Amino acid sequence: MRAPRQLLPVLQRCARGAGFGLALVVAAQASALEIESARYDGPTQRYPHGVLGDDIEYDTLVVRLSDGREMSARWGDDMVFEDLAPRVVDVDGDGAPEVVTVESHSQRGARLAVWGLVDGSLAQLAATPHIGSRFRWLAPVAIADLDGDGRIELAYVDRPHLAKVLRVWRFDAVRQVPLGEVASLDGLTNHRIGWDYIAGGLRDCGQGPEMVLADAAWAQVMAVRFDGLVLNQRALGAYSPNRMAAALKCR
């Protein structure tokens with residue numbers, strides 16, 4: 001997925017003289033370029049949902065590469081990144097990070113997307129379907145190998161203020177459609193309208209990864225485990241911000 005950048009011109013120049021070995025070094029360095037960090041830019045008010053506490057979203061994803069350069073992708077008028085921050089994580093298992101974002105369409109609402117480097121350019125690698133309606137959002141929970149099979153799952157709460165459904169998608173780079181939904185569970189949430197943060201997340205207390213969320217009524221802190229087929233939940237105690245923070249620390 002990360003082809004050497006400008007390899008052919010370098011080889012053509014150096015093959016004429018004694019610099020061919022240098023060309024191979026340059027090519028190896030280019031092929032090792034990775035995404036090191038990511039941020040949103042291009043603040044815009046064209047999608048006035050305000051679910052994260054203000055009316056500002058972003059139209060541009062900017063990544064910094066391991067050679068110090070920056071690269072960006074910008075949406076047109078019908079899309080924004082409706083998110084707190086991009087997540088830099090290895091999704092395809094090749095040892096180099098990708099970027100996971102939440103992006104919303106002006107009429108079809110939010111989706112989860114994976115971005116990465118393709119032939120030296122920043123490109124979208126995969127995305128879930130849009131929720132389907134304007135001003136309908138999703139809140140990420142975890143990006144990890146949840147069931148221990150070596151493939152990465154991406155979990156989010158679909159409409160945490162309305163539907164309150166935990167959905168788990170599996171990323172499989174060898175498939176024609178690399179993101180496929182593998183499980184869902186009703187009655188869970190991780191966000192309230194206006195919060196500038198997402199509650200809960202992922203923990204591992206020595207028995208494998210668990211997702212930590214709240215039940216739909218914000219009455220209980222819940223731990224949810226994915227066994228590769230189904231999602232299983234158990235209560236960890238009455239909900240409070242302190243109880244959820246303690247649960248994430250395995251207390």
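Begin by selecting Val 91, Leu 112, Val 114, Trp 137, Leu 154, Phe 171 and Leu 179, which touch the most other members among the 18 residues of the largest nonpolar core. A nonpolar core is here a set of buried Ala, Val, Leu, Ile, Met, Phe, Trp, Tyr and Cys residues joined through side-chain atoms within 4.5 Å, and buried means under 20% relative accessible area, while exposed means over 50% and partly exposed lies in between (1.4 Å probe, protein chains only). The elements that contribute two or more residues to this core are β6, β7, β9, β10 (152–158) and β11. Apart from it lies another core, of 17 residues, among them Val 141, Ala 142, Val 168 and Leu 231.

What you have open is a predicted model, in which local features need pLDDT of at least 70 and side-chain atom pairs count only at pLDDT 80 or more, whereas totals for chains, interfaces and linings use all residues. Residues are numbered from 1 along each chain as its sequence is written, and side-chain values use heavy atoms, with hydrogens and water left out.

**The whole chain**

Zoom out for a moment and colour by secondary structure: the chain has 3 helices and 17 strands, these being DSSP runs numbered from the N terminus (helices H or I, at least four residues; strands E, at least two). Of the 251 residues in the chain, buried residues make up 45%.

**Leu 154**

Which residues is Leu 154 in contact with, leaving aside its neighbours within four places in sequence? They are Val 91, Val 100, Leu 112, Val 114, Ala 142, Ile 143, Arg 167, Val 168, Trp 169, Phe 171 and Leu 179, where contact means heavy atoms within 4.5 Å.

**The open sheet**

Next, select β9 to β12, where 4 strands form an open sheet in the order β9-β10-β11-β12, with antiparallel pairing. Strands β9 (138–144) and β12 (179–186) stand at the edges and have a single partner strand each, so one side of each is left without a neighbour in the sheet. From one strand to the next, the twist averages 20°, an angle between N-to-C directions that runs from 0 to 180 degrees and is taken from axes that are lines fitted to C-alpha atoms. Within this sheet, strand β11 (residues 165–171) and β12 pair in the antiparallel sense over 7 bridges, and two strands count as paired if DSSP finds at least two bridges between them.

**Strand β7 and its two partners**

Now select strand β7 (residues 109–118), which is mostly covered, as 9 of its 10 residues are buried. On one side, 7 bridges join strand β6 (residues 98–105) to β7 in an antiparallel arrangement, and the two form a hairpin with 3 residues between them; to find a pair, show Ser 104, whose bridge partner in β7 is Ala 110. Strand β8 (residues 121–127) also pairs with β7 in the antiparallel sense, over 6 bridges, and in β8 the bridge partner of Trp 115 is Gln 124. The hairpin of β7 and β8 has 2 residues between its strands, and Asp 119 in the turn has a positive phi of about 50°.

Finally, select β2, in which 7 of the 9 residues are buried. Strand β1 is joined to β2 by 8 bridges and runs antiparallel to it, with Tyr 40 having Leu 61 as its bridge partner in β2. In the loop between β1 (35–44) and β2 (57–65) you will find Pro 48, which counts as partly exposed because its relative accessibility is 46%. Not counting residues up to four places away in sequence, Pro 48 touches Arg 134 and Phe 135.
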